[in-house]
Amino acid sequence: MDAPTDGTRFRTCHLCEAMCGVALEVSGDTVVSVRGDAEDPFSQGYLCPKAPALAELHADPDRLRTPLRRKGTDFVEVGWDEALDEAAGRIHAVQTAHGRNAVGAYLGNPTVHNHGAVLFAPMLLRALKTRHRYSATSVDQLPHQLAAYLVLGHQLLLPVPDIDRTRTMVILGANPLASNGSLMTAPDVKRRLRAIRARGGRVVVVDPRRTETAEAADEHHFIRPGSDPLLLLGMLSVVLSERGARLGRLSGFTRGLDAIERLAREFPPERVSARTGIPADTIRRLALSLVDDAPGVVYARLGASVQSFGGLSLWLTLVLNAVTGNLDSPGGYMFSRPAFDPLAAAGLVGVSPGSLGRWKSRVRGLPEANGELPVATLAEDILDAGEDHVRAMVTVAGNPVLSTPHGAKLDRALASLDFMVSVDMYVNETTRHAHIILPPTSALERSHYDIAFNTLAVRNTARWSAPVFAPRPGALHDWQILLGLKSRLDALRGGRGSLRARATNALLGRLGPDGILDLGLRAGPYGLRTLSRGSMSLQRLKKAPHGVDLGALTPCLPERLPRGYIDLAPRPYLDDMDRLRRSLADAEAHPPTADGGLLLIGRRSLRSNNSWMHNLPKLMAGKPRCTLKIHPDDAARRGVLSGATVTVRSRVGAVEAVAEVADDVMPGVVSLPHGFGHGRAGVRLQVATQGTHAGVSINDLTDERVVDELSGNAVLNGVPVTVEIVVARP
Ligand SMILES: Nc1nc2c(c(=O)[nH]1)N[C@H]1C(S)=C(S)[C@@H](COP(=O)(O)OP(=O)(O)OC[C@H]3O[C@@H](n4cnc5c(=O)[nH]c(N)nc54)[C@H](O)[C@@H]3O)O[C@H]1N2
Ligand SMILES: Nc1nc2c(c(=O)[nH]1)N[C@H]1C(S)=C(S)[C@@H](COP(=O)(O)OP(=O)(O)OC[C@H]3O[C@@H](n4cnc5c(=O)[nH]c(N)nc54)[C@H](O)[C@@H]3O)O[C@H]1N2
Ligand code: SF4
Ligand SMILES: [Mo]
């Protein structure tokens with residue numbers, strides 16, 4: 001790339017799922033200002049307060065620029081070839097001595113915000129040939145992917161709420177005013193929600209906390225953490241008994257309705273009201289509004305997913321949207337038509353339709369899902385010294401010590417490894433255990449295209465961004481690091497396959513992510529097949545620096561169903577219903593009392609992102625954020641005033657936090673944000689480790705033994721805890 005000149009660069013912000021267009025003012029190698037790109041057809045100039053982080057991340061003095069090798073607790077700089085050779089050599093040595101499953105891999109969330117990593121990480125994983133693959137998926141959206149796979153036939157056929165045309169939107173366990181939307185790429189959710197109300201519609205939020213989104217809605221209802229599937233069953237029973245199933249166009253290719261009708265009859269609203277904490281007539285009214293005030297949509301997200309019945313919750317969400325006539329219908333639960341379609345390009349990117357339970361984790365027997373094991377088992381898969389235990393790890397763009405349940409145990413487990421290599425640009429809570437750290441170029445030094453989030457967008461658009469800065473001499477992109485590791489492993493293995501692998505790797509190196517993207521765009525739904533002159537290609541996107549608009553979502557079933565039909569009642573869900581019945585019976589036998597235990601939930605802040613943006617001074621300005629929210633009644637009972645230091649304790653550990661007495665949390669529920677806990681020895685983050693910035697990790701309280709047994713997804717909300725005063729006054 002040519003040396004950059006001063007001026008304005010247009011780009012997509014990659015920090016969250018919203019894909020906002022930004023205009024960066026550049027001088028030399030510095031970004032001097034970040035503005036919204038008013039000409040972006042999708043975001044139309046919107047930006048959130050996190051956007052300045054684009055400049056701060058690039059300039060962060062703690063961001064690594066050179067590979068590091070650990071010596072004890074010290075790190076020394078090493079050259080790229082030496083670092084890659086050593087990493088591949090030691091992985092190969094562990095696999096040769098102990099078998100391929102002795103090496104584990106964890107992929108973190110930023111992988112999906114990076115087309116180089118999202119395309120090349122799976123190639124490295126395949127080369128590792130290990131069953132010990134883990135990712136942030138199983139602390140997040142695995143239940144969504146499972147529902148898409150089991151009901152619709154492909155894990156990536158993920159429905160999104162058609163927020164711009166709906167009249168009734170029921171939001172279950174999502175706080176898009178803080179998160180900017182998830183599995184719903186929609187810049188400026190606040191404006192879009194306001195527009196629903198302006199056109200006479202209603203927005204309803206169901207959440208154990210009266211969130212920023214709840215404040216902006218017409219209605220908010222507290223729900224007892226972990227009871228969402230019961231609410232959804234109650235709603236289904238009302239819809240089916242009072243309005244009947246409205247499958248409409250879908251009825252010709254939909255199976256399993258009988259089983260759903262039988263199931264729903266078991267759960268009238270009166271039966272689920274006490275457990276959910278929502279009055280029966282409210283459940284009835286919400287259910288009927290999806291039919292009577294159509295189009296409507298139930299949008300369930302993280303709070304519904306990372307709980308004991310995450311699998312059932314996301315399945316029932318899909319079923320409820322279908323039987324109310326809102327699936328694949330404008331204003332309802334629809335599907336994007338991305339220009340680069342990972343479903344169609346499966347051969348190119350290697351995404352399987354999905355799988356469940358093809359193998360089990362070695363210690364606890366939790367099921368594989370979509371080729372991965374639940375990350376809740378990673379610590380024991382390392383620590384439990386049996387045959388096949390994990391002795392070496394590869395982590396890519398992940399910080400599982402802070403982001404997965406019982407992080408302190410994983411912290412110990414990582415410290416015990418024979419070898420660990422991390423592809424990451426910080427020495428943080430996780431990578432401080434690595435023997436080799438391989439830091440990629442800064443995001444502004446690479447091109448950008450949202451392969452993942454265009455498949456989740458509420459409108460079809462496409463936008464490619466050129467690098468803003470030339471990479472520093474010798475620097476490598478994520479994809480080059482991943483391909484560098486893969487090529488070395490292929491070479492070390494030798495044998496007949498290695499010649500072919502060498503040719504493939506050379507070709508991949510020439511194509512790079514942009515070459516693969518171009519092939520996918522041309523083969524995609526707006527590509528050559530349309531035979532129109534403006535057909536989609538990388539060339540076309542390069543000529544449109546603000547992006548191109550490809551229109552509103554359009555119905556696409558049954559064409560896009562890999563099996564040609566929808567199965568509303570897949571066996572694994574029907575089987576898991578027994579676990580829900582038992583849990584309901586248990587709750588009925590032991591109803592919660594006012595002075596009973598507390599349930600811990602998480603929360604997100606608009607000016608943060610998971611664990612890795614706490615080193616940026618602008619984002620960290622303001623009041624300390626890592627506080628324990630507690631309802632005034634629960635606080636009074638324990639003598640806790642705002643500002644008191646309290647101990648929060650669960651089965652797995654205890655942390656100290658400052659209490660914030662607030663009636664926005666439900667009685668019986670306390671809330672702590674995730675991603676903090678930077679005070680561990682060896683973390684090299686000057687800002688994040690300072691004073692109150694460091695905070696404590698909620699995942700030193702979450703319990704790795706409690707998972708959604710169906711999917712293996714972690715349970716990060718609804719964790720039983722106690723709260724006691726340590727210091728009564730600040
Ligand atoms: N209790 C609780 N726990 C949670 C959650 C919760 O709500 N409550 N949320 C969960 C969710 S939804 C998620 S997605 C996970 C996230 O879990 P993780 O993905 O494990 O953690 P992140 O905090 O996103 O860490 C990202 C890492 O990637 C690095 N990184 C950033 N950009 C790049 C890049 O371009 N290339 C490379 N190579 N590295 C990069 C950062 O330095 C950091 O180390 O956390 C989960 N954990
Ligand atoms: N600013 C910011 N933006 C982000 C992130 C971030 O950390 N900060 N993280 C990004 C990532 S990785 C993701 S996955 C998305 C997540 O985006 P969202 O899904 O919007 O996630 P949250 O803001 O955590 O909202 C989850 C809500 O569920 C509620 N909840 C907890 N338990 C339950 C329950 O049992 N039932 C119900 N119904 N609700 C419950 C919580 O109170 C919370 O309001 O955000 C992304 N965007
Ligand atoms: S909402 Fe904020 S962080 Fe997310 S893409 Fe837009 S500007 Fe970036
Ligand atoms: Mo996430």
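**Ligand contacts**

Modeller: A polar backbone atom of Ser608 is 2.7 Å from a nitrogen atom of ligand 2, a polar contact being a pair of N or O atoms within 3.5 Å. This is a predicted model, where local features need pLDDT of at least 70, side-chain atom pairs count only at pLDDT 80 or more, and totals for chains, interfaces and linings use all residues. Residues are numbered from 1 along each chain as written, chains are lettered from A and ligands numbered from 1 in written order, and side-chain values use heavy atoms, without hydrogens and water.

Colleague: Nice. Which backbone atom lies 2.8 Å from an oxygen atom of ligand 2?
Modeller: That is a backbone N or O atom of Asn610. The protein covers 97% of the 930 Å² of accessible area that ligand 2 has on its own (Shrake-Rupley method, 1.4 Å probe).

Colleague: How many residues surround ligand 2?
Modeller: There are 32, and the closest are Ser179, Asp207, Asp228, Ser605 and Ser608; a residue is near if one of its heavy atoms lies within 4 Å.

Colleague: And which helix gives the most to that shell around ligand 2?
Modeller: H5 does, with three residues. Helices here are DSSP runs (H or I, at least four residues), numbered from the N terminus.

Colleague: Switching over, which residues are around ligand 3?
Modeller: Among them are Cys13, Cys16, Cys20, Cys48, Lys50 and Asn180. By class, the shell around ligand 3 has nine nonpolar residues, one polar and one charged.

Technical notes:
Polar contact = N/O pair within 3.5 Å; in protein donor to acceptor, adjacent residues only side chain to side chain. Helix = DSSP H or I, 4+ residues; strand = E, 2+ residues; numbered from the N terminus. Nonpolar A, V, L, I, M, F, W, Y, C, P; charged D, E, K, R; others polar.
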